[in-house]
Amino acid sequence: MSGIKTRQSLGIGESVLRPDGTLKVTGEFAYSSDLYLADMIWGVTLRSPHPSAWIRSIDVGPALAMPGVYAVLTHEDVPGERFYGLDHRDQPVLAIDQVRYQGEPVALIAADHPERARRAAEAVIVEYEVREAVTDPRRAAFDTSCPAVHERGNVLRHQPIRVGSTFEAPVVVTGEYEVGMQDQAFLGPESGLAVPAEDGGVDLYVATQWLHADRGQIAPCLGLPEEKVRLSLAGVGGAFGAREDLSMQVHACMLALRTGRPVKIVYNREESFYGHVHRHPARMRYEHGATREGRLLYVRAEILLDGGAYCSTSPAVVGNAASLGVGPYEVDNVWIDAYGVYTNNPPCGAMRGFGAVQACYAYESQMDRLAEACGISPVEVRIRNAVSQGSRLATGQVIDSPAPLAEMLAELAAMPLPTAPTPSDDAGGTDLLNMPGGISQTTHGEGVRRGVGYGVGIKNICFSEGFDDHSTARVRVELIGGEPHVLVHTAAAEVGQGLLMVQEQIARTELGIDTVTVARADTSVGSAGSSSASRQSYVTGGAVRAACQAVRERLDKLRADGSSLVQALELAGAVEETREYRHRPTFPLDPLTGQGDSHTQLALCVHRAVVDVDVELGLVKVVELAAVQDVGRIMNPLALEGQIHGGSAQGLGLALMEEIQVQDGVVRNPSFTDYLIPTILDMPPMRVSILENPDPHAPYGLRGAGEPPTLSSTPAVAAAVRAATGLPLPRVPIRPHDIALNG
């Protein structure tokens with residue numbers, strides 16, 4: 001290669017195949033659960049069967065006496081700090097004097113075989129004094145006689161939004177809405193391998209979303225400096241927010257340091273349901289006031305989010321729900337109260353959409369009610385109130401990049417609708433497999449009605465409210481076998497979203513060198529932040545771009561005499577640069593008024609859903625989803641379409657089937673037999689239109705794309721079911737008996 005090109009055919013904007021894709025589809029990819037060392041032993045966690053209880057005693061003697069058992073640890077064996085947490089360190093490594101949710105870790109066991117470790121866990125004798133569980137979030141928040149889950153009180157955060165003073169209108173619609181507890185349902189359960197090191201530290205190979213945040217919580221609990229706790233990313237089988245919090249990380253390291261042996265922990269599916277956070281269930285009350293023409297005059301809302309037993313990221317989820325609580329609509333008068341509360345229900349935290357999903361379901365349901373009250377179409381009421389560039393959010397923040405919502409809605413509405421089937425019993429008629437009920441053939445078309453619904457969502461991209469959101473990249477160019485080679489090293493977690501591919505594409509684009517390798521993510525390079533908030537292409541992409549540009553500047557100087565790239569590298573050896581990238585600053589919301597420029601970027605997606613509903617049996621068939629999304633700049637068309645399809649699938653799941661059933665604090669369905677997620681048979685064909693209106697503040701003009709489809713797909717599906725049934729259906733997921741018993 002004689003010089004540096006400005007763009008390669010495998011650079012940004014192209015449908016480059018993922019470097020990990022072939023291995024994953026052929027089953028050859030090594031996930032964290034595949035880790036193995038010849039002398040490793042196995043760790044198991046003993047968990048509380050009660051959602052709320054005092055611990056009166058723990059007897060580990062019977063377990064320690066069992067052959068093959070190397071260690072049994074309790075809270076007394078935690079070598080350092082006994083609490084951890086992402087936002088507030090309120091979660092014990094192992095329960096001390098009480099348990100606050102079903103599944104809370106109480107003891108750890110290490111043995112030479114996983115089954116022996118499980119049997120030893122069953123031999124540990126724990127004496128509990130069961131007490132009243134706080135499971136109603138409204139009672140937890142507002143009833144002063146309710147027991148406190150934590151000494152600081154049950155309200156984690158109350159964030160008001162106060163704008164304007166006029167709360168009267170000729171048309172008023174009200175509604176109360178609920179969103180159930182959704183699980184991230186990743187296919188690879190929590191797992192990792194901890195290896196004790198000669199320097200007294202530990203090396204942890206783990207599936208996570210945020211290596212440096214993990215290390216920052218693990219090291220104090222182990223009583224070690226951070227430099228002695230080294231993390232490397234193992235293969236991740238999906239995340240969607242659930243791997244932001246710690247699960248088995250501290251536990252595996254404790255057992256490895258105690259036994260002097262590598263310790264592997266792999267959760268089974270049931271334990272995974274107990275071992276990670278979930279989407280916050282929500283109860284919401286909304287009131288919209290508008291003119292008779294459907295133009296919004298005011299919005300009042302109360303958003304109550306159940307954070308469960310520990311803090312996790314609940315304060316940030318509340319901030320998102322509050323700041324985006326009216327949706328992408330212009331309205332001058334807003335009164336919102338958003339709350340996150342402690343209960344003895346399972347802990348809740350990050351999940352794709354992060355607070356915006358719950359609010360979106362409520363405000364979009366309200367927009368449909370408003371359209372009906374004003375006698376205009378659901379699309380028209382949204383267009384009349386749509387934000388655009390220059391609009392102000394309820395927080396006072398000005399949208400200072402393209403936001404063509406009205407145009408997106410018009411394009412969506414103009415897409416052709418699928419042909420409605422004609423019921424028939426003869427062989428040449430309707431394909432009964434495509435009717436509600438599918439292969440069970442519960443109908444030949446009688447009682448089946450079609451509905452069409454729309455949904456709009458607005459999502460913040462990157463971390464908000466003043467968080468020091470940044471990423472670090474190290475880029476090295478050298479000759480290998482006489483040819484230029486690029487090595488990109490970041491701590492950014494590839495969790496299935498295609499980040500390895502994007503880093504390669506950026507390096508090829510900036511350096512014009514085809515051969516690019518992305519090193520394993522680990523803590524030997526600076527933090528890249530979390531693989532969440534649709535932020536990695538933006539922030540880590542920005543860091544990789546900056547490091548590549550710095551390398552290119554040095555190479556240009558080396559080649560100022562007209563020498564080739566190969567000649568310059570032969571003379572200079574490797575050229576390496578490290579850069580940090582930060583987006584523009586954000587600011588906390590005012591605690592009294594909710595005003596502030598809290599977000600760095602906002603993204604829009606709109607959905608149309610077409611459904612067939614058997615109103616007699618309550619069965620729903622989603623016939624088609626259509627989506628229009630503005631992504632600023634397309635980095636990889638094929639991967640982007642996959643993100644839109646995947647986000648839409650999770651939104652469909654929340655609308656119709658996905659819910660962790662919790663009764664009195666006890667999870668009733670911790671399995672994929674009873675917790676239902678959409679399969680390929682549940683996902684309909686999709687029409688997708690992707691717009692490119694560059695954001696001038698973002699690298700390449702890109703706009704984070706992974707989360708917005710999850711917001712708007714849920715209310716679109718729910719609206720379509722309402723249109724088919726005529727029922728209010730104020731809660732998701734919509735269950736068959738919600739339709740059949742009320743139809």
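**Exercise 1. Backbone angles in loops**

In which loop does Gln441 lie? The model is predicted: local features need pLDDT of at least 70, side-chain atom pairs count only at pLDDT 80 or more, and totals for chains, interfaces and linings use all residues. Residues are numbered from 1 along each chain as its sequence is written, and side-chain values use heavy atoms, with hydrogens and water left out.

*Solution.* 
- Step 1. Gln441 is placed in the loop between α11 (405–414) and β18 (448–461). Helices (H or I, at least four residues) and strands (E, at least two) are DSSP runs, numbered from the N terminus.
- Step 2. Although Gln441 is not a glycine, its phi is positive, about 50°.
- Step 3. The relative accessible area of Gln441 is 44%, so this residue is partly exposed. The classes are buried (under 20% relative accessible area), exposed (over 50%) and partly exposed in between, with a 1.4 Å probe and protein chains only.
- Step 4. Phe354 also has a positive phi, near 45°, and is a residue other than glycine. Phe354 is found in the loop between β17 (333–342) and α9. With a relative accessible area of 16%, Phe354 is buried.
- Step 5. The peptide bond from Val732 to Pro733 is cis, with omega near 0°. Pro733 belongs to the loop between β28 (731–732) and α17 (736–740).

**Exercise 2. Aromatic pairs**

Why is the pair of Phe29 and Tyr31 classed as edge-to-face?

*Solution.* 
- Step 1. Rings of Phe, Tyr and Trp (its six-membered ring) pair if their centres lie within 6.5 Å; planes under 30 degrees apart count as stacked, over 60 as edge-to-face and the rest as tilted. By this rule the count is 13 aromatic pairs.
- Step 2. The ring centres of Phe29 and Tyr31 are 4.8 Å apart and their planes stand at 70°, so the pair is edge-to-face.
- Step 3. Phe29 is buried at 19% relative accessible area, whereas Tyr31 is partly exposed at 28%.
- Step 4. Tyr177 and Tyr361 form an edge-to-face pair, 6.1 Å centre to centre with 85° between the planes. Tyr177 lies in strand β10 (residues 171–179) and Tyr361 in helix α9 (residues 356–374), so this pair ties together parts 184 residues apart in sequence. Both Tyr177 and Tyr361 are buried.
- Step 5. One aromatic cluster is formed by Phe167, Tyr298 and Trp335.

**Exercise 3. Charges over rings**

Which residue lies over the face of Phe167?

*Solution.* 
- Step 1. A charge sits over a ring if NZ of Lys or CZ of Arg is within 6 Å of the ring centre and within 35 degrees of the ring normal.
- Step 2. Arg300 lies over the face of Phe167, at 4.5 Å from the ring centre.
- Step 3. Arg243 lies over the face of Phe186, at 4.0 Å from the ring centre.

**Exercise 4. Nonpolar cores**

Which residues touch the most other members of the largest nonpolar core?

*Solution.* 
- Step 1. A nonpolar core is a set of buried Ala, Val, Leu, Ile, Met, Phe, Trp, Tyr and Cys residues joined through side-chain atoms within 4.5 Å.
- Step 2. Among the 91 residues of the largest nonpolar core, Tyr286 and Ile303 touch the most other members. Helix α9 gives the largest share of this core, 11 residues.
- Step 3. A second, separate core has 44 residues, including Leu108, Ala194, Ile218 and Cys253.
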